[in-house]
Amino acid sequence: MAEQAQFEELARQLSAVGAVKRDMGRILPPDCPAGSAAVLTLLGRHGDMRMSKLAELLAVDMSVTSRHVAHVAARGWIERSPDPADKRSRILRLTPEGLEQLDELSRRTTRLLAERLADWTDDEVGQLIRLMTRLRASFGDCRSAPRLPAPVIEETTRTPAST
(Lines give C-alpha, C1' and ligand atoms only; values in the text may rest on other atoms or scores of the structure.)
Protein backbone atom coordinates (compact mmCIF):
# COMPACT_ATOMS: atom_id res chain seq x y z
CA MET A 1 0.00 0.00 0.00
CA ALA A 2 1.29 3.43 -0.91
CA GLU A 3 2.05 5.91 1.82
CA GLN A 4 0.16 9.12 2.59
CA ALA A 5 2.87 11.30 1.01
CA GLN A 6 2.62 9.31 -2.25
CA PHE A 7 -1.14 9.82 -2.41
CA GLU A 8 -0.68 13.54 -1.75
CA GLU A 9 1.86 13.77 -4.59
CA LEU A 10 -0.45 11.75 -6.86
CA ALA A 11 -3.27 14.22 -6.11
CA ARG A 12 -0.97 17.12 -7.07
CA GLN A 13 0.07 15.40 -10.29
CA LEU A 14 -3.53 14.60 -11.25
CA SER A 15 -4.48 18.24 -10.67
CA ALA A 16 -1.70 19.26 -13.04
CA VAL A 17 -3.23 17.11 -15.80
CA GLY A 18 -5.52 20.09 -16.38
CA ALA A 19 -2.58 21.85 -18.06
CA VAL A 20 -2.22 18.92 -20.45
CA LYS A 21 -5.93 19.05 -21.27
CA ARG A 22 -5.77 22.81 -21.86
CA ASP A 23 -2.82 22.34 -24.22
CA MET A 24 -4.77 19.68 -26.10
CA GLY A 25 -7.75 22.04 -26.30
CA ARG A 26 -5.60 24.67 -28.00
CA ILE A 27 -5.03 22.43 -31.02
CA LEU A 28 -8.75 22.08 -31.80
CA PRO A 29 -9.97 23.76 -34.97
CA PRO A 30 -11.68 27.11 -34.28
CA ASP A 31 -15.08 25.75 -35.37
CA CYS A 32 -14.79 22.64 -33.19
CA PRO A 33 -14.67 23.53 -29.49
CA ALA A 34 -14.05 20.86 -26.85
CA GLY A 35 -17.75 20.01 -26.37
CA SER A 36 -18.19 19.42 -30.09
CA ALA A 37 -15.02 17.34 -30.21
CA ALA A 38 -16.36 15.24 -27.33
CA VAL A 39 -19.64 14.63 -29.18
CA LEU A 40 -17.80 13.50 -32.32
CA THR A 41 -15.40 11.34 -30.32
CA LEU A 42 -18.18 9.58 -28.41
CA LEU A 43 -20.22 8.94 -31.55
CA GLY A 44 -17.09 7.63 -33.24
CA ARG A 45 -16.32 5.32 -30.33
CA HIS A 46 -19.84 4.12 -29.43
CA GLY A 47 -21.74 4.49 -32.71
CA ASP A 48 -25.24 5.85 -33.24
CA MET A 49 -27.11 6.77 -30.07
CA ARG A 50 -29.93 8.74 -28.54
CA MET A 51 -29.33 12.18 -27.13
CA SER A 52 -30.02 10.88 -23.59
CA LYS A 53 -27.22 8.32 -23.94
CA LEU A 54 -24.87 11.01 -25.23
CA ALA A 55 -25.70 13.26 -22.26
CA GLU A 56 -24.93 10.35 -19.94
CA LEU A 57 -21.59 9.68 -21.63
CA LEU A 58 -20.70 13.38 -21.59
CA ALA A 59 -21.77 13.55 -17.93
CA VAL A 60 -23.55 16.85 -18.55
CA ASP A 61 -27.11 18.14 -18.46
CA MET A 62 -29.39 17.52 -21.43
CA SER A 63 -29.50 21.26 -22.22
CA VAL A 64 -25.69 21.37 -22.52
CA THR A 65 -25.77 18.26 -24.70
CA SER A 66 -28.42 19.87 -26.91
CA ARG A 67 -26.18 22.91 -27.49
CA HIS A 68 -23.22 20.71 -28.42
CA VAL A 69 -25.40 18.62 -30.75
CA ALA A 70 -26.88 21.73 -32.39
CA HIS A 71 -23.35 23.02 -33.02
CA VAL A 72 -22.12 19.85 -34.72
CA ALA A 73 -25.39 19.37 -36.61
CA ALA A 74 -25.19 22.95 -37.98
CA ARG A 75 -21.79 22.09 -39.43
CA GLY A 76 -23.11 18.91 -41.05
CA TRP A 77 -20.98 16.62 -38.87
CA ILE A 78 -23.93 14.64 -37.53
CA GLU A 79 -27.48 13.89 -38.55
CA ARG A 80 -30.47 13.49 -36.29
CA SER A 81 -33.01 10.87 -37.37
CA PRO A 82 -36.26 9.83 -35.71
CA ASP A 83 -35.83 6.82 -33.45
CA PRO A 84 -37.96 3.99 -34.89
CA ALA A 85 -38.63 2.73 -31.35
CA ASP A 86 -39.77 6.16 -30.08
CA LYS A 87 -40.67 8.84 -32.61
CA ARG A 88 -40.18 11.56 -29.97
CA SER A 89 -36.48 10.68 -29.68
CA ARG A 90 -33.71 11.25 -32.17
CA ILE A 91 -30.82 9.00 -33.12
CA LEU A 92 -27.52 10.81 -33.61
CA ARG A 93 -25.21 9.56 -36.35
CA LEU A 94 -21.90 10.79 -37.72
CA THR A 95 -21.98 11.97 -41.33
CA PRO A 96 -19.07 11.48 -43.74
CA GLU A 97 -18.09 15.10 -42.97
CA GLY A 98 -18.22 14.26 -39.26
CA LEU A 99 -15.94 11.30 -39.80
CA GLU A 100 -13.51 13.57 -41.65
CA GLN A 101 -13.59 16.06 -38.77
CA LEU A 102 -13.04 13.22 -36.29
CA ASP A 103 -10.04 12.04 -38.34
CA GLU A 104 -8.63 15.58 -38.29
CA LEU A 105 -9.06 15.76 -34.51
CA SER A 106 -7.26 12.44 -34.16
CA ARG A 107 -4.38 13.61 -36.40
CA ARG A 108 -3.97 16.81 -34.38
CA THR A 109 -4.05 15.00 -31.03
CA THR A 110 -1.64 12.31 -32.20
CA ARG A 111 0.76 14.92 -33.57
CA LEU A 112 0.70 16.92 -30.30
CA LEU A 113 1.30 13.83 -28.16
CA ALA A 114 4.11 12.69 -30.47
CA GLU A 115 5.76 16.12 -30.17
CA ARG A 116 5.39 16.43 -26.40
CA LEU A 117 6.43 12.83 -25.70
CA ALA A 118 9.22 12.66 -28.28
CA ASP A 119 11.81 11.98 -25.58
CA TRP A 120 9.77 9.10 -24.10
CA THR A 121 10.51 5.50 -25.05
CA ASP A 122 7.81 3.26 -26.49
CA ASP A 123 7.91 1.31 -23.24
CA GLU A 124 7.32 4.47 -21.19
CA VAL A 125 4.34 5.47 -23.33
CA GLY A 126 2.97 1.93 -23.03
CA GLN A 127 3.46 2.00 -19.27
CA LEU A 128 1.60 5.34 -19.04
CA ILE A 129 -1.29 3.90 -21.06
CA ARG A 130 -1.47 0.79 -18.86
CA LEU A 131 -1.34 2.80 -15.63
CA MET A 132 -3.92 5.35 -16.77
CA THR A 133 -6.21 2.53 -17.91
CA ARG A 134 -5.81 0.88 -14.52
CA LEU A 135 -6.43 4.19 -12.72
CA ARG A 136 -9.66 4.71 -14.64
CA ALA A 137 -10.74 1.14 -13.88
CA SER A 138 -10.05 1.70 -10.17
CA PHE A 139 -12.47 4.61 -10.22
CA GLY A 140 -15.09 2.68 -12.15
CA ASP A 141 -17.63 4.47 -14.32
CA CYS A 142 -16.97 8.13 -13.52
CA ARG A 143 -20.39 9.04 -14.96
CA SER A 144 -22.28 7.18 -12.26
CA ALA A 145 -22.77 8.30 -8.69
CA PRO A 146 -19.40 8.85 -7.06
CA ARG A 147 -18.08 6.21 -4.71
CA LEU A 148 -16.76 8.25 -1.87
CA PRO A 149 -14.33 6.55 0.47
CA ALA A 150 -14.94 6.65 4.17
CA PRO A 151 -13.23 9.69 5.65
CA VAL A 152 -9.84 9.09 7.17
CA ILE A 153 -9.96 9.97 10.82
CA GLU A 154 -6.64 10.35 12.48
CA GLU A 155 -6.74 9.62 16.12
CA THR A 156 -4.62 11.80 18.29
CA THR A 157 -3.77 11.28 21.86
CA ARG A 158 -4.33 14.34 23.94
CA THR A 159 -2.78 14.82 27.24
CA PRO A 160 -4.13 17.31 29.76
CA ALA A 161 -1.10 19.53 29.08
CA SER A 162 -1.82 19.72 25.30
CA THR A 163 -5.47 20.79 25.56
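This is a predicted model: local features need pLDDT of at least 70, side-chain atom pairs count only at pLDDT 80 or more; totals for chains, interfaces and linings use all residues.

I'll go through the overall layout, the sheet, the core, the salt bridges and then a surface patch.

Overall layout, then. The protein chain has six helices and three strands. Going along the sequence, the order is α-α-β-α-α-β-β-α-α. The protein chain has 163 residues, and 22% of them are buried. The accessible surface is about 12,200 Å². Carbon and sulfur atoms account for 55% of that surface. Now contacts along the protein chain. Take those between residues at least 6 apart in sequence: 47% of them join residues at least 24 apart.

On to the sheet. Three strands make an open sheet, and the order is β1-β3-β2. The pairing is antiparallel. Which strands sit at the edges? β1 and β2 do, as each of them pairs on one side only.

Look at β2 and β3. They pair over six bridges, in the antiparallel sense. A hairpin of two residues joins β2 to β3. Asp83 stands opposite Asp86 in β3. Ile78 has Leu94, also in β3, as its bridge partner. Keep Ile78 and Asp83 in mind. Both come back.

Next, the core. Generally, in soluble globular proteins, nonpolar side chains tend to be buried together. Here, the largest nonpolar core has 20 residues. Which residues have the most contacts inside this core? They are Leu40, Leu43, Leu54, Ile78 and Leu92.

Where does the core come from? At least two residues each are supplied by α2 (34-46), α3 (51-58), α4 (62-74), β3 (86-94) and α5 (96-116). The most comes from α2, which gives five residues.

Zoom in on Leu54. Leave aside residues up to four places away in sequence. Leu54 then touches Val39, Leu42, Met49, Thr65, Val69 and Leu92. Of these, Leu92 is also on the list of residues with the most contacts inside the core.

Now charges. In general, side chains of opposite charge can pair when their charged atoms come close. In this model the count comes to eleven salt bridges. I'll show a few.

Start with Arg50 and Asp83. Their side chains meet in a salt bridge at 2.5 Å, N to O. What does this pair tie together? Are the two partners buried or partly exposed? Asp83 is buried, with a relative accessible area of 6%. Arg50 is partly exposed, at 31% relative accessibility.

Arg108 and Glu104 form a salt bridge at 2.8 Å, N to O. Both lie in helix α5, four residues apart, which is about one turn of the helix. Arg108 is partly exposed, with a relative accessible area of 24%. Glu104 is partly exposed too, with 21%.

Arg116 is partly exposed, at 47% relative accessibility. The pair also belongs to something wider. Asp23, Arg26, Glu115 and Arg116 are linked in a network of salt bridges.

Last stop, the surface. There is a nonpolar patch made of Phe7, Leu10, Leu14, Val17, Val20, Leu135 and Phe139. Together these residues have about 590 Å² of accessible area. Which elements give two or more residues to the patch? They are α1 (4-26) and α6 (122-139). The most comes from α1, with five residues.

Take Val20 as an example. Val20 is in helix α1. At 46% relative accessibility, Val20 is partly exposed. Why does that qualify for the patch? Patch residues need over 30% relative accessible area, so Val20 at 46% passes that cut-off.

To recap: a three-stranded antiparallel sheet, a largest nonpolar core of 20 residues, eleven salt bridges, and a nonpolar patch on the surface. Thanks. Over to you.

Terms used: Residues are numbered from 1 along each chain as its sequence is written. Side-chain values use heavy atoms; hydrogens and water are left out. Patches are made of residues with over 30% relative accessible area and no salt bridge: like charges are joined within 9 Å, nonpolar side chains (Val, Leu, Ile, Met, Phe, Trp, Tyr) within 5 Å. Accessible areas come from the Shrake-Rupley method with a 1.4 Å probe; for residues, only the protein chains shown count as cover. A salt bridge is a side-chain nitrogen of Lys or Arg within 4 Å of a carboxyl oxygen of Asp or Glu. Buried means under 20% relative accessible area, exposed over 50%, partly exposed in between (1.4 Å probe, protein chains only). A nonpolar core is a set of buried Ala, Val, Leu, Ile, Met, Phe, Trp, Tyr and Cys residues joined through side-chain atoms within 4.5 Å. Contact means heavy atoms within 4.5 Å. Two strands pair if DSSP finds at least two bridges between them.
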